Amino acid sequence: MKDGLRRAIRMHERRFSFRSTFLVVGFLLATNASAQPPTSSARFEVNLDDLRPLSQDLHGANNEYFYPPVWFDHPAYSEKYLAAGRPFFRYPGGTGSNFYNPFTGLFDNDSPSTRDYTGLNRRIAQRNGGTGRVPADFFEFVREHDIRYSLVLNVCTQTFEQNRAWLEQIADQGHPVTMIEIGNEVFYGSYKWAFASGDEYVTRAKKLTAVIRELMPDTKVGVVIPNQLYQYDAFFSEDIPDWFQHPYSWITALQDQTFYDAVVIHLYSPNGMSNDVEPADFISHLDAYTNCDAHLTAFFDRTFDEIETKFPGKRIWITEYGVGGFGGNLKQYTLRYSHLGVLHADVMLLRFINRPSVSMTQWHSFQHFWDFVGGEKGIGDEEHLPYKHFALFRDAIRNSQAVADVKGSAMGSDSAIADAIESAALIGEETAYVILINRSGQEHIIENPTFVRSGEVVDSDLTEAVQLSHRSDMPLRDAMQNTERSDYVERTTSQLRPIHLPSYSITRLKLTFANNQEVAGAP
């Protein structure tokens with residue numbers, strides 16, 4: 001672990017120290033107590049003088065959908081998609097996109113890659129009457145529900161001619177494509193057989209983009225930049241180490257090019273463990289969350305500052321994000337399914353919302369939301385924790401048109417309150433949603449948010465609050481390891497003063513502007 005990250009983690013642990021005797025407090029009730037008294041109250045002010053447009057594409061989900069037994073033609077799929085708020089989708093998904101053959105509906109299995117799709121191809125054919133899953137059902141699903149989505153082109157096992165033929169087919173059939181990504185994570189060394197360098201990627205991406213501009217003039221094009229930019233100090237060094245030269249060549253090759261509309265990056269926060277750690281040695285979810293949060297603190301802003309500097313004027317698409325741990329034994333680690341792991345994704349999404357350069361995000365992943373059981377039922381009714389958190393943002397984004405700055409200040413002696421709470425204000429025509437995440441192990445109390453315009457307070461009424469926090473029916477340390485559920489509580493006006501924010505919780509407040517004042521309109 002780099003020295004900078006170690007320092008960030010130590011600072012984080014000192015600021016947000018965990019007390020093993022701390023009890024989860026009841027939601028929003030001043031009479032509830034914890035073993036550790038809450039800090040002094042904080043005030044949050046929302047500045048309505050600086051409204052920025054809110055992209056509806058920020059409510060999105062990565063969707064690599066070949067593994068579950070359910071396909072896009074199953075009625076349960078549409079039902080769950082609509083219930084999730086019609087998230088911005090991704091087809092055909094992540095790694096599989098680099099091997100998917102849209103003409104056969106199967107995965108190409110004759111590349112120099114070490115990946116073996118023989119078993120998956122067999123299962124797909126068994127589920128699909130002996131054939132592959134071609135895109136026709138997806139495009140019908142898109143047409144029926146007027147879906148915005150990103151299409152990931154296979155630029156690894158499919159040739160330029162094959163991609164052109166598929167793009168021509170899509171255009172001829174009249175399928176609107178919102179965005180196209182030129183490959184998925186092809187900067188990794190494991191794809192050197194497909195791309196020897198960033199220069200080679202640019203040459204091929206530019207050639208494909210010309211086809212897209214010709215056939216689909218309204219479709220936006222995104223090129224991939226290395227995820228390592230968010231993960232390693234070395235990417236900010238003036239002297240890039242040898243083993244970083246290959247992925248970094250994507251940055252040097254792309255930064256002076258203008259043929260694309262956006263850069264695509266995935267953000268996964270390291271949990272502090274290597275892929276080969278033995279399951280018996282897995283650290284606790286709390287320790288892993290602390291590592292992820294410290295990494296976010298140290299790397300998030302500097303990463304986006306770097307992207308905005310090197311790619312000025314380009315949109316940023318985050319087509320996967322969350323906590324890391326997808327290789328080796330870490331595939332068995334359950335942080336991403338737990339309240340703490342999903343809370344970290346919540347923090348990321350709030351930061352994306354507050355970053356004007358980010359115009360699209362896709363949560364990892366739609367497959368984590370429910371049990372995909374197959375058969376007539378298709379998808380189970382139990383809502384997994386990732387879905388409960390994802391759905392907390394649904395109404396706030398879908399009912400808002402603008403984002404406003406939120407400023408926090410401590411009213412007592414503890415100035416760490418504002419640092420502990422991540423916030424965003426989403427503004428509609430007559431309503432506002434304020435989302436607050438308590439990233440720390442200490443309960444906090446806040447006053448109702450105040451809205452200010454031209455130096456004057458805009459009258460508002462706090463009408464609703466929804467909160468997700470740890471299970472209160474078990475010790476906190478056990479609740480943090482739990483992946484089954486968290487406490488979900490709704491409160492109405494009479495229960496909203498003061499507002500308590502339990503440790504490691506997310507709260508969504510809904511406010512109505514007095515006299516039906518139109519605040520946001522169309523920014």
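Modeller: Let us begin with a term: contact means heavy atoms within 4.5 Å. Please keep in mind that this is a predicted model. In it, helix α5 (residues 160-172) lies across β5 (149-153) and β6 (179-182).

Colleague: At about what angle does α5 run to β5?

Modeller: Helix α5 runs at about 155° to β5.

Colleague: How should I read the two faces of β6?

Modeller: In a regular strand the side chains alternate between the two faces of the sheet. In β6, M179 and E181 lie on one side, I180 and I182 on the other, and all four are buried, so that both faces are covered.

Colleague: In what order do the strands of the open sheet lie?

Modeller: The open sheet has seven strands in the order β2-β5-β6-β7-β8-β9-β10, with parallel pairing. Strands β2 (89-91) and β10 (358-361) stand at the edges; each has a single partner strand, and therefore one side of each is left without a neighbour in the sheet. On average, neighbouring strands of this sheet are turned by 30° against each other, direction ignored.

Colleague: How many bridges join β9 to β10?

Modeller: Three bridges join β9 (residues 315-323) to β10, and these strands run parallel. There, I316 stands opposite V358 in β10. Helix α10 lies across β8 (262-269), β9 and β10, and runs at about 165° to β9.

Colleague: How is the packing of two helices described?

Modeller: Two packed helices are described by the angle between their axes and the distance between the axes. Here, helix α9 (residues 285-310) and helix α10 (residues 339-353) pack at an angle of about 15°, with their axes 10 Å apart. Because angles under 35 degrees count as roughly parallel, α9 is roughly parallel to α10. The crossing of α9 past α10 is right-handed.

Colleague: Which residues meet where α9 packs on α10?

Modeller: Those in α9 include L286, Y289, L296 and F300, and those in α10 include L343, V347 and F352. By class, this contact has 11 nonpolar, two polar and three charged residues.

Colleague: Finally, how many helices and strands does the protein chain have?

Modeller: The secondary structure of the protein chain comes to 13 helices and 22 strands. Of its 523 residues, 57% are buried.

Technical notes
Residues numbered from 1 in each chain as written. Predicted model: local features only at pLDDT ≥ 70, side-chain atom pairs only at ≥ 80, totals over all residues. Heavy atoms only, no water. Axes fitted to C-alpha atoms, helices over the stretch in contact; angles between N-to-C directions. Parallel < 35°, antiparallel > 145°, perpendicular 65-115°, else oblique. Left-handed = near helix turned anticlockwise from the far one by under 90°. Nonpolar A, V, L, I, M, F, W, Y, C, P; charged D, E, K, R; others polar. Pairing = 2+ DSSP bridges. Buried < 20%, exposed > 50% of the residue type's maximum accessible area, 1.4 Å probe, protein only.
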